[in-house]
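Subject: Structure for you to look at

Hello,

Please read them with the coordinates open.

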Amino acid sequence: MPRSTATLPAGSILHAHKLYKGFTLHNQGGIHFPVLQGASLAVHPGDCWALTGASGSGKSTFMRSLYANYRTDQGEIWVQHQGEWKNLTTCEPHEILEIRIYTLGYVSQFLRVIPRVSALDVAAEPLIDSGVEVTVAQAKVRSLFELLNLPSRLWSLSPTTFSGGEKQRVNIARAFAVNYPILLLDEPTSSLDAANREVVVQLIQEKKEQGCALIGIFHDEEVKSRVCNRAMAFSLNEEATISG
Amino acid sequence: MNTLLDVQNLSKAYGSVQACDRISFSLYPGQILGIIGESGSGKTTLLSAIAHQTPSDSGQIIYRNSANQILHINQISESERRQLMRSEWGFVRQHARDGLRMKVTAGANIGERLLDIGQRHYGRIRAESSEWLEQVEIPGHRIDDLPGTFSGGMQQRLQLARVLVTRPRLVLMDEPTGGLDVSVQAKLLDLMRQIVRSLNLSVILVTHDIGVVRLLAHRLIVMRHGKVVEQGLTDQVLDDPHHPYTQSLISATLVP
Amino acid sequence: MIVSTDNLEPGFNFAYLDEQTKRSIRRSLLKAIAIPGHQIPFGSREMPMSYGWGTGGIQLTASIIGKNDKLKVIDQGADDTTNAVNIRRFFKKVCGVSTTEKTAEATIIQTRHRIPETPLRAGQTMVYQVPIPEPLRWLEPSEVETRKMHALSEYGAMYVRLYEDITQYGYIATAYDYPVMVNDRYMMRPSPIPRFDNPKLHMSEALQIFGAGREKRLYALPPYTSVKSLDFEDYPFTIESWGKACEFCGATNSYLDEVVVDNHGGRLWICSDTDYCSQRQSAQRQNAAAVSVVNTSSVSPEIFKNGGNRS
């Protein structure tokens with residue numbers, strides 16, 4: 001089953017090959033849910049993929065597997081990391097951490113906030129981790145906060161007490177500040193008003209133009225149709241179908 | 001990247017009870033490794049076996065020191081080991097009174113580690129003590145107070161300062177937030193997080209608090225009955241737990 | 001020397017202890033001398049006096065004393081205090097050796113709390129009475145642990161005490177039993193001598209031995225051993241000074257005791273070393289007589305002599 005990296009699709013940056021993933025709930029009589037059954041996807045720079053399907057169809061599981069948040073049962077996830085192909089399913093934990101710092105970004109639906117840490121510091125953290133100087137990182141985040149219309153009086157506060165939309169904007173700034181070659185988006189606009197949704201659409205377009213590959217779950221049809229040029233449809237108990 | 005610490009097949013039994021059963025893991029520089037499990041799962045024994053305070057029955061503990069030498073912790077002399085514990089390693093204990101000298105002032109508690117490594121200049125030791133008090137957010141004017149007059153959270157922060165003053169590379173923490181109020185815990189956690197990042201520390205953090213590891217740990221080991229039942233990145237283990245024990249541990253947590 | 005056997009108490013072996021015991025203590029002493037500053041256990045015996053009265057020192061003296069020795073015993077610098085007088089009398093009874101109050105004449109000087117002002121010379125032996133031999137005890141109650149700390153030269157924590165002194169008082173306030181490093185290796189308690197006497201330990205020509213009876217430990221400083229008092233780079237070790245001279249002999253370089261002389265707070269300072277003080281006074285009297293000037297010193301040291309034990 002292991003494939004040689006030479007056979008990976010030319011020009012691609014991420015390649016998921018026949019992913020299988022199920023969940024066993026040991027505390028509920030050991031029920032097993034198979035969720036992914038051989039899902040595959042090849043992603044090229046500049047693509048924006050929409051993962052579509054009903055809730056429970058596996059799109060979220062697929063995306064979390066791409067981030068190595070979920071551990072797949074079978075299959076390979078090849079990611080081009082700093083000029084080298086890495087298979088996330090066999091990487092050591094510290095390798096995954098490194099890939100997440102430099103290559104693979106993720107905008108989750110919810111911001112995990114830390115009491116006492118300001119919005120600015122929360123958002124600048126990944127950029128600083130990637131080796132950018134603190135002042136440069138903070139300047140970058142400030143400009144994104146401005147773009148996203150996050151009131152400046154909030155910047156120095158901990159996002160603990162922020163509204164859903166404010167938290168989501170901090171989360172977006174956090175991931176968009178870094179130049180990840182691959183960015184995973186989990187409903188990035190779910191809590192945003194129209195104006196800010198528009199800003200996010202612009203930001204995604206910019207990323208695409210810069211050659212970033214994006215894979216997202218968008219519930220907002222309008223946003224999806226404007227930013228995505230490809231789609232992967234999931235349906236319950238069936239193999240995902242790819243359209244493009 | 002070279003590992004900082006390699007633990008290989010570490011075992012320790014107390015009579016017929018296998019407290020640690022062939023535990024293996026590697027720790028990389030700058031990483032926080034969380035060890036979770038219920039009371040009696042062997043996590044504290046593991047920590048003290050790594051520091052060789054409880055000698056293990058079998059297995060290897062291999063540490064790469066700042067001079068890039070490979071040290072086998074079970075094989076080096078006791079003198080080297082104690083030297084290591086006072087310089088490159090640090091131990092933060094659950095009860096501050098086990099990690100502090102309660103009869104000497106806060107400043108002396110921090111200064112002791114510097115005296116241990118041969119510093120003999122009062123002024124500089126005192127300056128460094130007050131700098132570290134500030135780092136751990138203890139008001140400078142408390143430098144000449146006894147730790148007994150401090151609150152629980154302050155004592156833990158003082159313990160942290162005492163350990164960090166010698167710029168250790170590996171810190172072992174045994175339930176550092178245990179017994180603290182939630183709000184006090186948050187402050188300590190945030191402080192630990194900042195310090196670990198700015199000093200590029202490697203930490204082995206033993207706790208039964210899933211919230212603590214979620215916030216601090218890069219990686220997680222789940223122990224039960226002396227065995228590692230599951231390990232991986234923290235978010236992997238917490239979001240996609242495989243082992244029945246891990247699943248029940250996580251589903252039993254009040255705040256996920 | 002002539003040994004008078006007239007006063008010898010019958011029924012005792014020479015120097016009270018039996019020969020086997022003396023030999024075993026001497027063996028421990030040899031070991032102690034070979035490892036300067038290191039505490040050696042010894043089989044401390046019951047002595048005809050209670051612990052705390054110098055049983056350690058007495059056993060060491062008893063083990064090394066010979067018929068030709070001349071013994072001096074001081075307590076707080078004085079030869080005439082109860083403790084000193086009794087120990088001297090004890091040895092007179094069980095050895096019949098001659099005793100002296102003159103530092104220069106003595107071959108063995110047993111002491112509590114002081115080192116004589118008169119410099120010691122080669123061939124003399126100082127015997128110190130030690131209450132607590134372990135310098136690390138205050139910070140580490142476990143003997144197992146303190147022995148390990150000595151073995152590994154882990155003495156950093158000892159400086160914590162000096163740190164606390166400076167923090168609290170602005171200077172190192174430890175006034176007696178001030179810890180020292182011996183031969184750059186072992187940390188040692190010099191017994192409760194004032195820190196004024198610490199420099200006299202360093203490179204002394206005399207052999208110095210220390211005995212703790214209750215704790216059953218002895219240790220030694222062979223002649224010409226380096227003894228360094230602990231200090232900080234920016235708070236160097238200093239000795240006490242009084243800015244006063246001895247009321248009787250005028251000495252400004254000796255350890256002075258403060259004595260209250262009346263009910264109105266009147267006080268004066270006198271040498272703690274009675275032998276040193278009287279030597280100086282008699283020298284002064286001779287000089288004065290030589291130039292036919294009468295010494296008009298109003299207070300004689302004799303009035304304090306029987307006032308005795310100032311401990």
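Predicted model: local features only at pLDDT ≥ 70, side-chain atom pairs only at ≥ 80, totals over all residues.

In chain A, the charged end of A:R100 sits over the ring of A:Y67, at 4.3 Å from the ring centre.

Aromatic pairs come next. Over all chains, a search of the whole structure finds 19 of them. One is formed by C:F210 and C:Y219, which are stacked, with 4.9 Å from centre to centre and 10° between the planes. Both partners are covered: C:F210 has a relative accessibility of 0% and therefore counts as buried, and C:Y219 is likewise buried, with a relative accessible area of 0%. Ring pairs also build a cluster that takes in residues of two chains, linking B:Y122 with C:Y159, C:Y163, C:F232 and C:Y235.

On the chains as a whole, two pairs are in contact, and chains A and B share the most contacts. Chain A and chain C are not joined by any contact; their closest C-alpha atoms lie 34 Å apart.

Chain B holds ten helices and ten strands. Its C-alpha trace spans about 55 × 45 × 40 Å along the principal axes. The radius of gyration of chain B is 18 Å, which agrees with the value near 18 Å for a compact globule of 256 residues. Of those 256 residues, 59% are buried. Counting contacts in chain B between residues at least 6 apart in sequence, 65% join residues at least 24 apart. The accessible surface of this chain comes to about 10000 Å², and carbon and sulfur atoms account for 48% of that.

One helix of chain A deserves a separate paragraph. Helix α3 of chain A, residues 119-129, is mostly covered, with eight of its eleven residues buried. The buried residues are A:A119, A:L120, A:V122, A:A123, A:A124, A:E125, A:P126 and A:L127. What do the buried residues of α3(A) pack against? Within chain A they meet α4 (134-147) and α5 (164-176), and from chain B they meet α7 (182-199). After α3(A) comes A:G131, which has a positive phi, near 105°.

Regards

Technical notes
Residues numbered from 1 in each chain as written. Chains lettered and ligands numbered in written order. Heavy atoms only, no water. Phe/Tyr/Trp six-rings, centres within 6.5 Å; stacked < 30°, edge-to-face > 60°. Buried < 20%, exposed > 50% of the residue type's maximum accessible area, 1.4 Å probe, protein only. Lys NZ or Arg CZ within 6 Å of the ring centre and 35° of its normal. Helix = DSSP H or I, 4+ residues; strand = E, 2+ residues; numbered from the N terminus. Rg over C-alpha atoms; globule rule 2.2 N^0.38 Å. Contact = heavy atoms within 4.5 Å. Areas by Shrake-Rupley, 256 points an atom, 1.4 Å probe, with all protein chains shown as cover.
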